[in-house]
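Here are my notes on this model. Please read them with the structure open.

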Amino acid sequence: MSEMVNLMHLTPGSTIGLANGATAEVVSNPLDGVWVYARYLSCPSDVALVGTEEMIFAQDIVEVRATP
Amino acid sequence: MTDGSEAIARLLLKQQIEDFLYHEAELLDERRYEDWLALLAADVRYWMPMRRNVKFGELEREFTRAGQDINWFDEGKDTLTRRVQQILTGVHWAEEPLSRLCHMVSNVQLLHVTPSVMAPVEVTAKCRFLIYRNRVETETDLLVGKREDVLRRVNEQWLIAQRKVILDQNVLLTKNLTFFF
Amino acid sequence: MGHARIQGYTPGMVDMNTGQISREIFVNETIYQEELEQVFARSWLFVGHESQIPKPGDYFVSCMGEESVLLCRDREERIHVFLNSCRHRGMKVCRYDEGNTPVFTCPYHGWSYATDGQLVGVPFFREAYHGTLDKSKWGLVEVAQLCNYKGTIWATWDASAPPFLEYLGDFKVYLDLSLATWDGQESGTEVLGGIQKWLIPCNWKFPAENFSGDSYHNISHRSVDLVGIGPSGRSRRDLAERQLARRLHVCFPGRGHQTGVYVLPKDQPTPPSYQDSPVVSAYFQQCEAERRRRGGEWGRVTGSPGEIFPNTALHPRQPRTIAVWHPRGPHQTEVWRWYLVDAAAPPEVKDFLRQYYIRYSGPGGLTEQDDMENWNYAHAASRGTIARRYPYTYEQGMGHEVSHFTFDGLHIPGVVLDITDARSSEHNLRNLYRRWAEFMEAESWDALATWRHPAYAGSQNGQSRRG
């Protein structure tokens with residue numbers, strides 16, 4: 001199980017795993033420690049979201065899967 | 001030279017510098033302003049930057065810049081002399097009656113000594129200050145921070161060649177800066 | 001717009017027939033609370049300068065009245081002023097002084113706003129809010145009106161307030177004295193880095209009236225004049241032009257703005273200044289010649305301290321600075337000072353002026369220190385039960401003002417009191433308080449925008465007006 005993620009360290013291009021099982025790629029980081037802007041790579045609970053971009057909240061991010 | 005004698009020389013030098021800083025504080029607290037001016041080199045640079053609240057990771061923008069931005073002080077010997085003269089006119093209402101001041105100096109560190117501790121000519125010294133000012137009836141200010149000084153040995157005496165005052169405040173919590181740090 | 005008013009202010013506390021003003025307006029808590037609604041919530045307030053926010057995402061945290069606001073530039077380069085408070089539960093969305101950001105995020109529950117104020121991030125929007133929160137209704141509170149006037153940013157919370165230029169009225173030409181470059185171009189000034197902020201123990205109206213045109217208090221600055229801190233090393237009044245000029249107090253009764261000015265005689269060249277510094281002296285001499293050439297007859301006019309109602313102080317000539325007296329309760333003011341230089345001035349000139357500004361104004365300023373001491377203890381001595389029974393007198397020069405003043409063929413807009421021989425008047429201070437009283441009594445801007453009423457316009461023509 002991974003540790004809590006500090007969003008201040010997330011760089012664009014990183015892949016993150018979300019609490020609902022989705023994965024997303026960080027597009028930009030406003031460096032507020034609370035949100036990142038990311039594009040869904042997979043989303044089992046709602047496949048319509050794949051390819052879309054939105055702000056992802058810190059508590060919804062469970063791990064960093066890959067960094068560029 | 002052995003390590004021992006250099007260590008002793010450094011210890012003695014640090015005591016000398018502390019004694020100097022305590023003597024300077026004494027002059028200011030005793031309102032011996034003209035004697036204080038005599039401790040300043042002719043080319044002294046005395047300045048106090050302002051401080052901003054900045055985001056983590058942007059600390060290089062915390063302080064206003066020397067020579068470019070507005071600071072709380074940016075003085076040479078001439079303007080410091082004028083400030084003293086202003087107090088001594090007896091009609092500088094902001095210092096009339098005179099404030100009661102107590103300069104406490106501590107945490108003195110010698111950061112840099114040239115050419116050597118055995119024969120020092122210039123010393124960069126850092127310290128902490130706590131300046132207590134009490135004025136008229138109940139006005140009281142406590143100003144706390146650090147000072148980075150460059151002291152220069154001239155004719156067997158130390159003189160202040162540079163002083164940077166680092167006050168630990170953002171909005172200034174005292175109504176005026178009629179005193180010296 | 002109607003609102004419940006706490007009736008703390010009593011008409012008559014500002015008496016323009018006798019020129020007497022009650023001490024209550026400076027020290028009374030109820031009147032202060034009423035002021036926040038009647039004056040600060042309805043006026044145009046100075047927020048900052050565009051040079052502080054040059055790029056998209058740049059922000060500067062400022063104040064309007066007691067309240068923290070964000071001055072920022074959005075991605076489309078539009079300037080905004082927002083209340084610095086999350087719409088959800090109020091936490092400040094920015095506790096830094098200035099910087100650059102794509103969003104303002106609240107650290108309490110994570111709501112996040114774009115630089116155009118839109119609410120763009122709501123945690124658990126789909127889950128906890130079931131997707132039903134209307135985000136478009138919960139963006140940052142934005143000022144009702146904003147104006148960028150030659151780089152200066154002004155804002156008001158009141159949608160019914162006249163637009164800024166109308167609010168300024170004919171005072172505009174005097175504000176321009178603070179914003180034109182030294183060689184007379186309309187714009188091109190910038191703010192030096194470092195906004196001074198400090199607290200003084202007095203009501204905001206003490207500094208406001210002082211800068212409105214208190215020409216009587218030179219004895220306060222006696223010590224500065226004795227030691228000489230001016231750029232030329234002589235007295236504080238280092239500008240020799242003032243010895244040759246007519247000295248005037250100018251006010252705009254319908255607006256509440258006022259200033260002092262100096263007017264040189266026709267064909268009188270401006271004498272040189274800053275002569276202790278040859279580089280600076282030469283620069284200013286060259287600029288001044290250009291300013292006179294560009295300005296024509298109006299170039300004979302230079303400014304001295306002035307005030308835009310209610311609490312923006314101008315110091316146009318030297319030092320060039322804009323100050324705002326932010327209310328912090330009846331007994332305290334937080335001063336913010338901006339210092340201006342020409343963007344195109346050479347570094348030596350900017351540095352010379354920067355150092356002059358530091359030793360003239362602000363808490364380290366040899367001049368401003370004595371002003372503040374007087375405001376401090378004038379306020380303190382006015383708080384007592386007995387003291388409050390005795391009004392202040394502002395009657396100096398009453399009845400000696402004229403509506404159409406000309407000097408050597410140059411018309412000076414405003415109601416003018418010539419103090420060249422009189423040495424002083426309180427004409428401008430009465431103007432500030434007359435307008436303050438109008439704001440305290442008026443239910444709406446309909447009552448305050450008196451210049452829109454034909455009857456008012458008629459009364460302005462050709463008469464010498466009292467008070």
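Where in chain C does K150(C) lie?

1. K150(C) is in the loop between β11 (145–149) and β12 (152–156) of chain C. Helices (H or I, at least four residues) and strands (E, at least two) are DSSP runs, numbered from the N terminus. K150(C) is not a glycine, yet its phi is positive, about 50 degrees. Its relative accessibility is 19%, and K150(C) counts as buried. Buried means under 20% relative accessible area, exposed over 50%, and partly exposed in between (1.4 Å probe, protein chains only).

2. Some ground rules. This is a predicted model: local features need pLDDT of at least 70, side-chain atom pairs count only at pLDDT 80 or more, and totals for chains, interfaces and linings use all residues. Residues are numbered from 1 along each chain as its sequence is written, chains are lettered from A and ligands numbered from 1 in the order in which they are written, and side-chain values use heavy atoms, leaving out hydrogens and water.

3. Backbone points in chain B. N107(B), in strand β3 of chain B, has a positive phi of about 55 degrees although it is not a glycine. N107(B) is partly exposed, at 46% relative accessible area. Two peptide bonds are worth checking. The bond from E96(B) to P97(B) is cis, with omega near 5 degrees; P97(B) sits in the loop between α3 and β3 (100–114) of chain B. The bond from T114(B) to P115(B) is also cis, with omega near -10 degrees; P115(B) sits in the loop between β3 and β4 of chain B. Most residues other than glycine have a negative phi, and most peptide bonds are trans.

4. Helix α3 (residues 77–88) of chain B. Its buried residues include L80(B), R82(B), V84(B) and I87(B). The buried residues of α3(B) pack against elements of both chains, among them β1 (40–48) of chain B and α9 (347–360) of chain C. Contact here means heavy atoms within 4.5 Å. G90(B) follows α3(B), with a positive phi near 80 degrees.

5. The interface. Chain B and chain C bury about 3400 Å² between them, 54% of it on carbon and sulfur atoms. I70(B), R82(B) and K175(B) supply 21% of the area that chain B buries against chain C, more than any other three residues. Buried area is the accessible area (1.4 Å probe) that two parts lose on being put together, summed over both. The contact takes 40 residues from chain B and 43 residues from chain C.

6. Salt bridges. There are 5 between chain B and chain C. One of them joins the side chains of E373(C) and R135(B) (2.8 Å, N to O). The criterion is a side-chain nitrogen of Lys or Arg within 4 Å of a carboxyl oxygen of Asp or Glu.
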